[in-house]
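Dear colleague,

Please find below the sequence and structure that I am passing on to you. A summary of the findings comes after it.

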Amino acid sequence: MKTVFLILCLTVLTHQEISAQDEFELQPSQSMLMTGKGSGQDGTINPYDGQDCYAIIENFGKNEFSIRIQTKGKIIKTIPILKGETKKVKLLKGYELYLDADSNSKTKARIGYEKMVD
């Protein structure tokens, strides 16, 4: 009985760690840092901060928006996220992830993180 309880607890805790995510609504033309600058500056808590991971970005709003990945002020990649789309993006150690709302519409997004398995 104790073994079953322990397995159940570990399964729930593992699922919570993997599915840690936050929801955001940005106003038109607003940009927001999601992760990469550190505690107190990031919009989300990346449980894999300091290591390579995946960012899972879901657009649950009515309009397209983009994400921006950069490091040390240099833009690495800008990726559009269409209405209803979910993208899994490699986020390397030291990279910053930003949400960039369209200039004419609000943005609604969910951000989650997943461990990169070697």
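The notes that follow cover the nonpolar core, the salt bridges and the surroundings of one aspartate.

The model is predicted, so local features need pLDDT of at least 70 and side-chain atom pairs count only at pLDDT 80 or more, while totals for chains, interfaces and linings use all residues. Residues are numbered from 1 along each chain as its sequence is written, and side-chain values use heavy atoms, with hydrogens and water left out.

The largest nonpolar core has 21 residues. Such a core is a set of buried Ala, Val, Leu, Ile, Met, Phe, Trp, Tyr and Cys residues joined through side-chain atoms within 4.5 Å; buried means under 20% relative accessible area, exposed over 50%, and partly exposed in between (1.4 Å probe, protein chains only). Ile57, Ile67, Leu91, Leu97, Leu99, Ile111 and Tyr113 touch the most other members. Among the elements that give two or more residues to this core are β1 (21-26), β7 (96-100) and β8 (107-115). Strands here are DSSP runs (E, at least two residues), numbered from the N terminus.

The whole structure holds 6 salt bridges, each a side-chain nitrogen of Lys or Arg within 4 Å of a carboxyl oxygen of Asp or Glu. In one of them, Arg110 meets Glu23 at 2.7 Å, N to O. This pair links distant parts of the chain, with Arg110 in strand β8 and Glu23 in strand β1, 87 residues apart. Glu23, Glu58 and Arg110 are linked in a network of salt bridges. Glu25 forms a salt bridge with Lys106, with the closest N and O atoms 3.4 Å apart. Glu25 lies in strand β1 and Lys106 in the loop between β7 and β8, so this pair ties together parts that are 81 residues apart in sequence.

The charged end of Arg110 also sits over the ring of Phe60, 4.1 Å from its centre. The rule requires NZ of Lys or CZ of Arg within 6 Å of the ring centre and within 35 degrees of the ring normal. The charged end of Arg68 is likewise placed over the ring of Tyr98, 4.3 Å from its centre.

Asp100 counts as buried because its relative accessibility is 13%.

Yours sincerely

How values were computed. Helix = DSSP H or I, 4+ residues; strand = E, 2+ residues; numbered from the N terminus.
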